[in-house]
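Please look through the structure shown here, moving from its aromatic contacts to its sheet and then to its charged side chains.

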Amino acid sequence: MKRRDFLAAASAGTAVAVGGLAAPALAQERLEWKMVTPWPKNAPGVGVNAQRFADMVTAMSGGRLTITLFAAGELVPPFEVMDAIQADTAQIGHATSYYWQGKAPALNLFTAIPFGLMAWELDAWITNGPGQALWEEVYAPFGIQPFYAGNSGVQAGGWFNKEINTLEDLKGLRMRIAGLGGEVMRRLGAATVLTPPGEIMPALMAGAVDAAEWVSPWLDIAFGLQKAAKYYYMPAFHEPGPSLEVIVNKARYQALPADLKAIVRYAAQATSAQTLADFTYNNTLVFADMATKYPTIQIRTFPDEVIQEMGRQTRLVLEDMSAKDPLTAKVYESLRTFVLQCTKYQDHADLPALRHRKLALGI
C-alpha cells in the first residue's frame with residue numbers, strides 16, 4: 001500500500017472511531033423539568049432566586065437539564081407545590097417547608113421555630129449537623145428529596161393597624177401569619193389565617209385582616225404593605241432565620257446521572273449563599289431609607305411581657321406536637337439541643353461583637 005493510501009485509510013478509521021465515541025455524547029438525553037413556586041413572578045428575594053437556581057442548573061448542565069419556572073398560579077395554586085411534585089405534574093419546586101405542615105407537622109421545624117436558630121445556625125445544623133438526614137427522613141414517605149436553598153435572615157414581626165402594648169391587645173386580632181407563629185398567636189387569642197404571598201397586601205388593605213407578617217423590609221415594602229398599616233414590629237418572634245428549600249421528585253432525582261445530581265445539589269448550595277446575601281444587603285439598604293421615604297411608618301418592638309408569654313406558648317406548642325408525633329419529637333430534640341449550644345456560644349461571640357461595634361463607632 002502506498003504511504004498516502006495508508007494515511008487516508010488510517011484517517012478514515014480514526015474518524016469512524018472518534019465518531020463512534022462521540023455519538024453517545026451527542027445523543028445524550030436532554031431533560032426538561034418544570035419548577036413550581038408559591039411566589040409571585042419575579043418576587044424579590046424568593047422568586048428571583050428561584051429563577052437563578054433554574055438558570056444555574058440549565059447553564060451548568062450545558063442544557064442537558066433545562067428547568068422552566070412557573071410562578072404562583074401559573075401551573076398550580078401557591079399551596080399545591082408539594083402536591084404537584086408528588087404527582088410529577090412538576091418535577092421540582094422552590095418554596096419553604098412549613099407551607100406543607102398539614103402533611104407532616106415536622107416540616108414546620110425545617111423552616112423555623114419561634115425563638116430558634118438564626119440563619120447561619122440553621123444552615124450549620126442542616127449542612128454539617130443532622131438536619132439534612134432528618135429532613136430527608138420527614139420527606140421520604142412523600143417521595144421528595146429536599147435541599148437547603150437559602151434564608152432571609154431575621155424577619156419582621158409584621159404590620160399592625162394598632163399598637164401591641166399588652167397581651168390583651170392580641171385578643172381578637174385577625175392576623176395573617178405562617179408556621180408555628182400562627183399557632184402561638186392563636187393560643188394568645190388572635191384569629192390567624194394563612195394567605196398566599198400575593199394576597200397579603202389586598203387582605204390587609206381591605207381590612208380582612210388587622211395585621212400581617214410577610215418577610216422583612218425589602219419584600220414588605222416591595223409588596224406595598226406600608227400602604228395598609230403603619231405599625232411595623234421588628235424583629236419577628238417566630239422566624240429568626242427561616243429557610244427556603246428546593247424540593248425534587250425523588251424518583252426523578254434518583255434517575256439522574258451522577259453529574260446532574262451533583263449539579264442540582266450544588267446549585268441549591270450556591271443559591272443558598274446568594275439568597276442570604278441578597279436579603280442581607282437589600283434589607284439593610286431599604287431599612288436605611290425607610291424613615292425618609294415612608295415617614296408614616298412607626299417601628300415598634302414587642303414588649304418584654306408579650307415576648308415572655310410568646311416564648312412560654314412556643315414551648316407548649318412544640319411539646320404538644322412532639323407528644324403526638326414521634327418524628328416531630330426527634331427533629332425538635334435535635335434542634336432544641338443545638339439552639340441551647342448556639343445560645344451559649346453567642347453569649348461570647350456575636351452578641352458582644354455587635355455591642356463592641358456600636359461602642360467603637362460611638363453609636
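In this predicted model, a search of the whole structure finds 16 aromatic pairs. One of them brings together tryptophan 214 and phenylalanine 223, whose ring centres lie 5.2 Å apart with the planes at 55 degrees, so the pair is tilted; both of these residues are buried.

Another pair, tryptophan 218 with phenylalanine 279, is edge-to-face, with 5.2 Å from centre to centre and 75 degrees between the planes. Because tryptophan 218 lies in helix α8 (residues 217-222) and phenylalanine 279 in helix α10, this pair ties together parts that are 61 residues apart in sequence. Tryptophan 218 has a relative accessible area of 13% and is therefore buried, the cut-off being under 20%, and phenylalanine 279, with a relative accessible area of 1%, is buried too.

Helix α10, which spans residues 258-293, also holds aspartate 278. Is aspartate 278 buried or exposed? With a relative accessible area of 11%, aspartate 278 is buried, and its side chain is joined to that of arginine 52 by a polar contact of 3.0 Å. Leaving aside residues up to four places away in sequence, aspartate 278 touches Gly45, Asn49, Arg52 and Trp218.

Turning to the strands, 6 of them form an open sheet of mixed pairing, in the order β7-β6-β8-β5-β9-β11. The edge strands, each pairing on one side only, are β7 (191-193) and β11 (298-300). Within the sheet, strand β5 (residues 158-160) and strand β9 (residues 231-233) run antiparallel and are joined by 3 bridges, and glycine 158 stands opposite tyrosine 233 in β9.

As for charged side chains, a search of the whole structure finds 14 salt bridges. In one of these, the side chains of lysine 41 and glutamate 74 meet at 3.9 Å, N to O. Lysine 41 counts as exposed at 53% relative accessibility, whereas glutamate 74, with a relative accessible area of 40%, is partly exposed.

A further salt bridge joins the side chains of glutamate 168 and lysine 171 at 2.9 Å, N to O; here glutamate 168 is exposed, with a relative accessible area of 52%, and lysine 171 is partly exposed, with a relative accessible area of 49%.

Arginine 187 and glutamate 183 form a salt bridge in which the closest N and O atoms are 2.9 Å apart, and both residues lie in helix α6 (residues 179-187), 4 residues apart, which is about one turn of the helix. Arginine 187 counts as partly exposed at 32% relative accessibility, as does glutamate 183 at 24%. Salt bridges with shared partners join Glu183 and Arg187 into one network with Arg186 and Asp320.

Finally, a word on confidence: the mean pLDDT of the protein is 93, and 92% of its residues reach 70 or more. Over residues 1-27, however, the pLDDT is below 50, and beyond near neighbours in sequence this stretch has 1 contact in the model.

Methods: Residues are numbered from 1 along each chain as its sequence is written. This is a predicted model: local features need pLDDT of at least 70, side-chain atom pairs count only at pLDDT 80 or more; totals for chains, interfaces and linings use all residues. Side-chain values use heavy atoms; hydrogens and water are left out. Helices (H or I, at least four residues) and strands (E, at least two) are DSSP runs, numbered from the N terminus. Buried means under 20% relative accessible area, exposed over 50%, partly exposed in between (1.4 Å probe, protein chains only). A polar contact is a pair of N or O atoms within 3.5 Å; within protein, one must be able to donate a hydrogen and the other to accept it, and residues adjacent in sequence count only if both atoms are side-chain atoms. Contact means heavy atoms within 4.5 Å. pLDDT is the predictor's confidence in each residue, from 0 to 100. Rings of Phe, Tyr and Trp (its six-membered ring) pair if their centres lie within 6.5 Å; planes under 30 degrees apart count as stacked, over 60 as edge-to-face and the rest as tilted. Two strands pair if DSSP finds at least two bridges between them. A salt bridge is a side-chain nitrogen of Lys or Arg within 4 Å of a carboxyl oxygen of Asp or Glu.
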